Amino acid sequence: MSYRSADMSIDFSKRVSPSAAAWDDLVEGMSKSWMWSAMAMQDIRMRYRGSLLGPFWLTISMIIMIAAMGLIYARLFNMEIHRYLPFLTVGLVIWNFVSTVIIEGCQTFLSAQNVITQVRMPFSVHAWRTVCRNLIVLAHNMVIVPLVLIIFNVPVGWTVLLIVPALAILTINGIWVSILLGMISARYRDVPPIVMSFVQVIFFVTPIFWPPEALGVWMQALPLNPLFAAVDVIRAPLLGSAPLTYSWTVLLIVTVIGCIGTFALFAKFRTRITYWI
Amino acid sequence: MAFLRLRNLSVEFPVYQGGSQSLKKMLLAATTQGNLARDAMDRINVRALNDVTLDIEDGDRLGLIGANGAGKTTLLRVLAGIYFPTRGELHASGRVSALLDVSVGLNPEATGRENIILRGMYMNIHPREMRSRVDEIAEFTELGPYLDMPTRTYSSGMMIRLGFAVSTCIPPEILLMDEWLSAGDASFLEKAQRRMETFVGSSSILVLASHSTDLLRKWCNRGILLQHGRIAAQGNINDVIDAYSGAVAQRAGALAHP
């Protein structure tokens, strides 16, 4: 019987620069997909253990929220229900993913404290765990989307394939956000509530439950809100239209700046994380 | 060839409390002086390891001895790659298995069997491989039907049986152990010792932190005595144990006759 490696093999015999070590961490973390996907599934199973419907509870609560808001707000914004409900549904499902990744991203290292102080593993594994877990929840919630699109006869063409690169970009953003906010929150414990308040405010200023058209000529400035850009690049293709000009541009710029900035901080402070939590 | 070489290694960690963990206070401190600044940087630096130089080579069975707080667990964590040294260097090569906490990764809501897979995952063993080992591990624990119950229903002795069985299912090149066996019952301890015999036999380096002089004399050939993060004595395990007992007796004597 052959034995696989136990724990992580370490080879500190070569001196590595902090950036190289950070890069190794990211590469190694990404390659351990079996580990973080199993951890993410475990998280979900544990969260809903003992409950009747499991993760579909989230789907149900979302359906109720959509039904309640849909009827009233469609009137308020003078939009027809068959246009407003699909818009609201898709928007809420994506917003749920984006906002939860940001909020749970703060807990990336804090929630893994007992593991980080007992077992050596790449720090990025914890970030992948957070993002993967939320992708699984997103998959559960996405179940409503085809239903709504069919019920309201939304014309969907092959543009829907654009959601694949869109999801890929959002995943990358999820990783750097989890690492960045995870590190900051590990050092400064009042950051998670600050982030939560921030996200709540952004929810109201982003067109999720109100249509972008309500802004009139200011609509073109919307992509400056990167969270709007993130929602737009997935929502628009699903509703059979094109994202606003510059949504993709803003998103790509944010991705690049976020990745570079987070990498720089990660390289500098990676070895301190264990001491902060 | 596995080795662990430390050169002038120090570990200093800041203990943040209250104000210094607050971003708001840190920002305020930048703009005000006096008391607020003092609060924000309110941290104590603990030097857990101080200028440690040590060579551990293939075949070494090293015992770490010292009082509580001397730095044994910190040293083990540095060797495991969990704590990064704040000063000095660590050169290491080899597959490490760090058994520092028997219950790491164990989920109290999951059943014993599920926890076996989970614990294996934290040891970098793929669930597929772990599933093929579950039966042999289950047999070692002797927990029977309890394995299908959530581990929150287990007593601490049962948890140790489970944790130990999983942690020792694969022989590593470098084995780091922080003593936690003492909570097991007599029959389990005997079984654990027999497993340790085969286990330690095939690992090339063992570093064991323990207060049990029997265990140390049995398993180790070298020893180091840690005092306040420094190596106070090193050499043959029996000599170091005697040095420790001597130091303890001396302190006890000093306390009894001030």
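Biologist: Is R113(B) buried, partly exposed or exposed?
Modeller: In this predicted model, R113(B) counts as partly exposed, because its relative accessibility is 30%. That value sits between the 20% and 50% cut-offs.

Biologist: Okay, and which side chain does R113(B) meet in a salt bridge?
Modeller: That's D148(B), with 3.2 Å from N to O. The pair ties together distant parts of the chain, 35 residues apart. R113(B) belongs to helix α4 of chain B, while D148(B) lies in the loop between α5 and α6.

Biologist: Switching to helix α5 of chain B, how far apart are R133(B) and E129(B) there?
Modeller: They're four residues apart, which means about one helical turn separates them. Their side chains form a salt bridge too, at 3.2 Å from N to O.

Biologist: Are those two buried or exposed?
Modeller: Both R133(B) and E129(B) are buried.

Biologist: What about R217(B), which partner does its side chain meet?
Modeller: R217(B) meets D242(B) in a salt bridge, 3.9 Å from N to O. Here again distant parts of the chain get linked: R217(B) is in helix α8, D242(B) is in helix α9, and they're 25 residues apart.

Biologist: And why does R217(B) count as partly exposed?
Modeller: Because its relative accessibility is 39%. D242(B) is partly exposed as well, so described because of its 43%.

Note on methods: Residues are numbered from 1 along each chain as its sequence is written. Chains are lettered from A and ligands numbered from 1 in the order in which they are written. This is a predicted model: local features need pLDDT of at least 70, side-chain atom pairs count only at pLDDT 80 or more; totals for chains, interfaces and linings use all residues. Side-chain values use heavy atoms; hydrogens and water are left out. A salt bridge is a side-chain nitrogen of Lys or Arg within 4 Å of a carboxyl oxygen of Asp or Glu. Helices (H or I, at least four residues) and strands (E, at least two) are DSSP runs, numbered from the N terminus. Buried means under 20% relative accessible area, exposed over 50%, partly exposed in between (1.4 Å probe, protein chains only).
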